[in-house]
Amino acid sequence: MSMLERRCAMLLASLAWAGAPAQAPAPVPRLGQPAAPELVQRWNLSVYPDGRGLPSGQGTAAQGRAIYQAHCAKCHGADGEGGSGGTLAGRAPLTDPDPDQTVGNYWPYATTLFDFIRRAMPMDAPATLSEDEIYAVSAYVLYLNRIVRLEDRLDADSLPKIRMPNRDGFVGIDAQPPAGR
Amino acid sequence: MLARMNATKPPGGRRDAVLLSDASGSSGSAGRRDFLRRGLTLSGAGLGTAIAAGAAWADRPGEEPSRSAWMTTPGQPFSNYGQPSPQERGVVRWISANRAVAGNGVSWTPLHDLEGIITPTGLHFERHHNGVPQIPLEQHRLLIHGRVRRALTFAMPDLARYPVRSQILFIECGGNSNAGWHQLPQQTRAGFMHGLASCSEWAGVPLSLLLDEAGADPSAPWLIAEGADAAAIQISLPMAKARQDCLVALYQNGERIRPENGYPLRLIVPGWEGVLNIKWLRRLEVAPEPVMARNETARYTELQPSGKARMFTFVMEAKSLITSPSPGQRLDGKGVYEIRGLAWSGRGRIRSVDVSTDGGAHWAPARLQEPVLPMAFTRFRAAWDWSGAPAVLKSRATDETGYVQPERAALIGERGRHGYFHYNAIVAWRVDEDGEVSHVYA
């Protein structure tokens, strides 16, 4: 192949490439930067039903009562009866005519309570409670629902072991919730 | 003379409240001819006026001026970013927020005031859990981690270099139309009950490209997505869907996504419920199981009469809605009107929309406005000659899978009234003798 022929062949190849993007995947720049494990750990807020993602720390409902009253009661009511925020406490059967859906009668996992409080509550100052405070206030909400006692200590080990009353109350439609647990 | 006679004569000349079904041929052709003739004669009249004005520049006292004030002085200069006419200031999102937390709630798209299939960007519905974050572009990064070969972060200028795909898609909140579960029909504008749905052209990076770059574990079936708002909202998304057609969107209707729609980065999950379309996207975690977040357990699940609740109801089933005539509008006497509405399905294209003017006893096919796109708003139209007698208008969508939008009684019979989410029943509007339109269960 002469130099000219080779140039022509290269030109044709490049034109074919430009003219037919559907025939081969377009080249993709690879611009992602390696994320340090420390960054991943600081950013990762997910808490799974098996407790994966729960931090160290601990708290009891007795300790959580004051935290609840200071940060939660104004929206959720003094005893979790609801207000501008959702109703948290109550164990009415879900087959009642117009049941409140509460932590006690509806939420399937206690880990979700910790996860949600840590990421989103209180709404006027999210991410200001310490991990001990989040364990304690989670315990207090569970206490309002008669799921734990005032003195029960919640931590990364005990929280995932709580079996919520409505744990089996859900039917997956387009995907299935995790089995077991 | 001819023009004046035609203009005062009731167009179409029909006596009964029948649909002029120009989608199905014969019965509609007379109506079309009438429209055509009116159009021609009216433009003929316009020409005559122009010639007359040209012959006499000075208007006579007491006459409407031939050139109005805005034709005799220079207009406004250019603008850097256009705004709607001040006279359209009533066309707004209707805000329904938590009384204690201003950034918690929704705003509704005024579907009853809009035409076509694209929702103006400033009228796209909003659902915020704790306000709209103002995110400096240069400080935003997307993290992909979890079951991946290498955890990566992507800076915004870098993401902007990836191949872009765009698609016209509706987004609908799972809680849209939820007043339909109420025992009495809510009386409000159509968009303020069904307008937690909007349709835009979304453009961005196919999510699969970024998952491939991070080396996502093919055996991990879930992806956890999280936003950078004050609620750090997160959801679990099946990886198969993430790879199939999801976008990491940077643009909406040609411009960078606006803050309330997720600036600078939003996950787009075509056809699936709105909460999955995480705004202000900051973290994607490849995971072996769903995280069971608050917004996929305590919320966005649907309690059934059995006491069990439906969970992971991702697909938004077919729905349709007559946007005109609709409550708050008034028919100005008997005659021909165009029934206009929107239909959409999270399973693909709309195959057909039927319209009834007698509460569902008889149906006729509406005309579908092109383009009919998968998982996008589809505009439908049907000419209607209103006799002036009370009527009940309904529309019923069928999608390309053959799924038919259910009547309200059937939906409630199956799901009860406490599911809150995923209400997609047929909507009925009553037109009374005065032309007033109200919402009815019929």
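**Exercise 1.** Determine how many residues of strand E23 (residues 391–399) of chain B are buried.

*Solution.* Strand E23 of chain B is mostly covered, with 7 of its 9 residues buried. A residue is buried if 20 or more other C-beta atoms, placed from the backbone, lie within 10 Å of its own. Strands are DSSP runs of E with at least two residues, and helices are runs of H or I with at least four, numbered from the N terminus. The model is predicted: local features need pLDDT of at least 70, side-chain atom pairs count only at pLDDT 80 or more, and totals for chains, interfaces and linings use all residues. Residues are numbered from 1 along each chain as its sequence is written, and chains are lettered from A in the order in which they are written.

**Exercise 2.** Identify which strands of chain B are joined to E23(B).

*Solution.* Two strands pair if DSSP finds at least two bridges between them.
- Step 1: strand E19 (residues 350–356) runs antiparallel to E23(B), joined by 6 bridges; B:Asp354 has B:Arg396 as its bridge partner.
- Step 2: strand E24 (residues 428–431) is joined to E23(B) by 4 bridges, also antiparallel; here B:Lys394 stands opposite B:Ala428.

**Exercise 3.** Describe the side of chain A that touches chain B.

*Solution.*
- Step 1: 42 residues of chain A are in contact with 49 of chain B, contact requiring C-beta atoms, placed from the backbone, within 7 Å.
- Step 2: the elements of chain A giving two or more residues are E1 (33–34), H2 (37–43), H5 (110–120) and E4 (170–172); H5(A) supplies the largest share, 5 residues.
- Step 3: E1(A) runs antiparallel to strand E6 (residues 152–155) of chain B, with 2 bridges, and A:Gln33 stands opposite B:Thr153.

Key: Two residues are in contact if their C-beta atoms, placed from the backbone, lie within 7 Å. A residue is buried if 20 or more other C-beta atoms lie within 10 Å of its own, exposed if 12 or fewer, and partly exposed in between; C-beta atoms are placed from the backbone.
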